[in-house]
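Here are my notes on the model you sent over. Have the structure open while you read, and take the points in order.

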Amino acid sequence: MKHILFAASEGVPFIKTGGLADVAGSLPKCIDKEFFDVRVIMPKYTCIKQEMKDRMNYVSHFYMDFHFKSEYVGILEAEVDGVKFYFIDNEEYFGGMKPYGDDTLWEVTKFAFFSKALLSVLPVIEFRPDVIHCHDWQTGLVPVYLKERFQDNDFFRGIKTVMTIHNLKFQGKWDVKTVKEITGLSDYFFTPDKLECYKDANLLKGGLVYADAITTVSDTYAEEIKTDFYGEGLNGLLCARSGDLRGIVNGIDYDDFNPATDPHLPFKYDAVNFRKEKVKNKRELQKELGLEQDDKKFMIGIVSRLTDQKGFDLISYVMDELCQDNIQLVVLGTGQEQYENMFRHFDWKYSDKVSANIYYSEALSHKIYGACDAFLMPSLFEPCGLSQLMALHYGTVPIVRETGGLKDTVEPYNEYESTGTGFSFTNYNAHEMLDAIRYAERIYYDKKREWNKIVDRGMATDFSWSVSAKKYQEMYDWLVG
Ligand code: ADP
Ligand code: GLC
């Protein structure tokens, strides 16, 4: 039996701001329990819903030296679908209304605390992982601390680490002097071949230097991040470590995302009856959101963090033009104010066509996947993307830009060969995007049988974890030997 610990800053069903939570919550369940004991550790944010806090049990607590202070480290645990989750409790660090804030220094401090605490917790819970699988910059210091102070201890010696990049854009950077004080790491670690990066200290970089293996969440992104454009300043390091870097595409949990059983959908449907049943969800959603009620309208959905990453500047550029078409657009998301306001504006201007829902809602997200004809995701970069996988499974045809995981998971429609599961465009250009949307409109309105076959093929794709979980298992086997 091999023991694996997932270290992540969010995970379903406890707390979610994006795809990382879906992965950290669903992948562990899909790793073969006969050979692997996978557990998850994350912060106990005070903003976790009470019903989920009620499922946690207190385990123990101790005090840990951190940033010139002695800090409380509480440990709680909970079990979900046979997977054990541990939570690190300290209300000073993990308080607030949201898991992440805008104060970068505080974020760096908070997750440095988390990284050190999660290592210190292991002997207390008597769980010695063979591999600590770290996710994103928030856990970048884990491989560093492990090398620096924990390896002298028999308990920790030989523990391997994996660093998975879900998003290279976020790295956890602050000036060297301050980070040195916060982390207690010596000068030795703050050189350009270690944590220092363009004069700053960089937590993700530390993880990438010290991890035994590096993965990211699609093959294409694994290649892209070795280039200047996508490499966010770390492409040199990623090229140097390319022998240890691999792409493993994400899956989704088809128990949670299944149109035949989804409790959020007023009308359930499957790959056989979607032609008749799916449109009923569209009707309901049009009613609920105050859009014109018309079964035949081409309804496009967006469920997303509203950030530059997701290509919203392209959308804002052609929004007026797009709204001249015979379409409806339903948006659910929060993020940068300029995009929130842009969608609010168009909701006001074209009230029977555009519905802007600027908040977070699990229920509405499922209704959008279940009701819309198409799903728009014109990302500037996209490490993997889970929304398009959800859309495919709900028979909602993705319209995407060919980047990262979008390129690897959506096969462009080819009308001559009658293949493909979605529509795509190559260059980051608003009119290329609009052309792709209009091509989709034409097929939807003029060649409905073809459209339905695209849906058939999309619903038949398998992006469950089955294949990718095996790849992680192989990697753990290879690391541990
Ligand atoms: P990212 O992790 O970059 O945000 P992904 O496509 O990997 O992008 O995952 C996004 C996840 O977050 C999906 O499960 C999507 O449905 C969900 N999501 C994003 N915004 C919202 C929102 N406002 N309300 C509900 N779910 C959302
Ligand atoms: C990140 C990426 C997204 C990916 C998710 C889960 O948030 O932006 O593309 O799907 O992590 O790996």
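1. Start with ligand 1. It is surrounded by 22 residues, the closest being Gly19, Arg305, Lys310, Tyr369 and Leu386 (a residue is near a molecule if one of its heavy atoms lies within 4 Å of it). Bear in mind that this is a predicted model: local features need pLDDT of at least 70 and side-chain atom pairs count only at pLDDT 80 or more, while totals for chains, interfaces and linings use all residues. Residues are numbered from 1 along each chain as its sequence is written, chains are lettered from A and ligands numbered from 1 in the order in which they are written, and side-chain values use heavy atoms, with hydrogens and water left out.

2. The side chain of Tyr369 places an N or O atom 2.7 Å from an oxygen of ligand 1. On its own ligand 1 has 570 Å² of accessible area, and the protein covers 93% of it (Shrake-Rupley method, 1.4 Å probe).

3. Now for what builds that shell. Two or more residues each come from H1, strand E13 (298-306), strand E14 (327-335), helix H14 (362-371) and helix H15 (387-393); E13 gives the most, with 3 residues. Helices (H or I, at least four residues) and strands (E, at least two) are DSSP runs, numbered from the N terminus. By class, the shell has 8 nonpolar, 9 polar and 5 charged residues. Here Ala, Val, Leu, Ile, Met, Phe, Trp, Tyr, Cys and Pro count as nonpolar, Asp, Glu, Lys and Arg as charged, and the others, Gly among them, as polar. Domain 1 (2-251 + 466-480) and domain 2 (274-462) each supply at least three residues to the shell around ligand 1, with bounds from an automatic or database domain assignment.

4. On to ligand 2, which has 14 residues around it, with His166, Asn250, Glu382, Cys384 and Gly385 the closest. Its oxygen atoms come 2.4 Å from a side-chain N or O atom of Glu382 and 3.0 Å from one of Gln309. The protein buries 93% of the 310 Å² that ligand 2 exposes when taken alone.

5. Where does ligand 2 lie relative to domain 1 and domain 2? Both domains give residues to its shell, so ligand 2 lies between them. Helix H1 (residues 19-30) contributes the largest share, 3 residues. The shell divides into 6 nonpolar, 6 polar and 2 charged residues.

6. Most residues other than glycine have a negative phi, and most peptide bonds are trans. The Val12 to Pro13 bond is cis, with omega near 5°, and Pro13 is in the loop between strand E1 (2-7) and H1. Asp136 has a positive phi of about 65°; this residue is buried, at 9% relative accessibility (buried means under 20%, exposed over 50%, partly exposed in between).

7. Last, the loop between helix H16 (404-409) and strand E18 (423-425) holds Glu417, which is exposed at 56% relative accessible area. Ser418 is in that loop too, with a positive phi of about 50°, and is partly exposed at 25%.

Methods. Polar contact = N/O pair within 3.5 Å; in protein donor to acceptor, adjacent residues only side chain to side chain. Buried < 20%, exposed > 50% of the residue type's maximum accessible area, 1.4 Å probe, protein only.
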